[in-house]
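Reader: I have a sequence and a model open on my screen. Show me how to read it, please.

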Amino acid sequence: MPMSSNVAGKNISEIEIQSISGFGIWLLVQGKEYFMPYEQFPWFKDAKVGQILNVTLSPSGKLHWPDLDVDLSVEVLEAPERFPLIAK
């Protein structure tokens, strides 16, 4: 007999790369969707897919891509215009 439930499962992933395109990266962080265009986040433009997918979220809300040596806060994702690029 197949099992079924009316209760949806809990999403345990706090960060998910949803799409990688020629223009940028869509990601879901704690239930909120963000788009990172390469012109504002150039570190990802020539990165390999595996490097982009290897991301963690710290309890303080910082995203870390160890393979790319990139750390970003959720605040940067919400208002990238407030944080001009330092590295080129």
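**Reading the model**

Author: Buried means under 20% relative accessible area, exposed means over 50%, and partly exposed lies in between, with a 1.4 Å probe and protein chains only. Ser 73 belongs to strand β6. Helices (H or I, at least four residues) and strands (E, at least two) are DSSP runs, numbered from the N terminus.

Reader: What kind of model is this, and how are residues numbered?

Author: This is a predicted model, in which local features need pLDDT of at least 70, side-chain atom pairs count only at pLDDT 80 or more, and totals for chains, interfaces and linings use all residues. Residues are numbered from 1 along each chain as its sequence is written, and side-chain values use heavy atoms, with hydrogens and water left out.

Reader: What pLDDT does the protein average?

Author: pLDDT is the predictor's confidence in each residue, from 0 to 100. The average here is 84, and 81% of the residues score at least 70. Residues 1-12 have a pLDDT below 50, and beyond near neighbours in sequence this stretch has zero contacts in the model. Contact means heavy atoms within 4.5 Å.

Reader: Which pattern does the protein follow along the sequence?

Author: The pattern is β-β-β-α-β-β-β-α. That gives two helices and six strands. Of the 88 residues, 33% count as buried.

Reader: How do I read strand pairing?

Author: Strands of a sheet pair through backbone hydrogen bonds, either parallel or antiparallel. The rule here is that two strands pair if DSSP finds at least two bridges between them. Take strand β1 (residues 15-20): five bridges join it to β2, and the two run antiparallel. Ile 15 stands opposite Val 29 in β2. A hairpin of three residues links β1 to β2.

Reader: How many bridges join β2 and β3?

Author: Six bridges, again in the antiparallel sense, with β3 spanning residues 32-37. Leu 28 faces Glu 33 in β3 across this pairing. Two residues lie between β2 and β3 in their hairpin, and Gln 30 in the turn has a positive phi of about 50°.

Reader: Is β2 mostly covered or mostly open?

Author: Mostly covered. Strand β2 (residues 24-29) has five of its six residues buried.

Reader: What is the order of the strands in the open sheet?

Author: The order is β4-β5-β6, three strands with antiparallel pairing. The edge strands are β4 (56-57) and β6, and each pairs on one side only. Four bridges join β5 and β6. Leaving out residues up to four places away in sequence, Ser 73 touches Gly 61, Lys 62 and Leu 63.

Reader: Now the core. What is the general idea?

Author: In soluble globular proteins, nonpolar side chains tend to be buried together. A nonpolar core is a set of buried Ala, Val, Leu, Ile, Met, Phe, Trp, Tyr and Cys residues joined through side-chain atoms within 4.5 Å. The largest one here has 22 residues, and Leu 27, Phe 44, Leu 63 and Trp 65 have the most contacts inside it. The elements that give it two or more residues are β1, β2, β3, β5 (62-65), β6 and α2 (74-78).

Reader: What does Trp 65 touch?

Author: Not counting residues up to four places away in sequence, its partners include Met 36, Phe 44, Ile 52 and Val 70. Val 70 lies in strand β6 (residues 70-73). Val 70 is buried, with a relative accessible area of 6%. Its C-alpha atom is separated by 7.6 Å from that of Trp 43, 27 residues apart along the chain.

Reader: How many aromatic pairs are there?

Author: Three. Rings of Phe, Tyr and Trp (its six-membered ring) pair if their centres lie within 6.5 Å; planes under 30 degrees apart count as stacked, over 60 as edge-to-face and the rest as tilted. Trp 26 and Phe 35 have ring centres 4.7 Å apart and planes at 40°, so this pair is tilted. Phe 41 and Trp 43 are edge-to-face, at 6.5 Å centre to centre and 65° between the planes.

Reader: Which is Phe 41, buried or exposed?

Author: Phe 41 counts as buried, because its relative accessibility is 2%. Trp 43 is partly exposed, at 32% relative accessible area.
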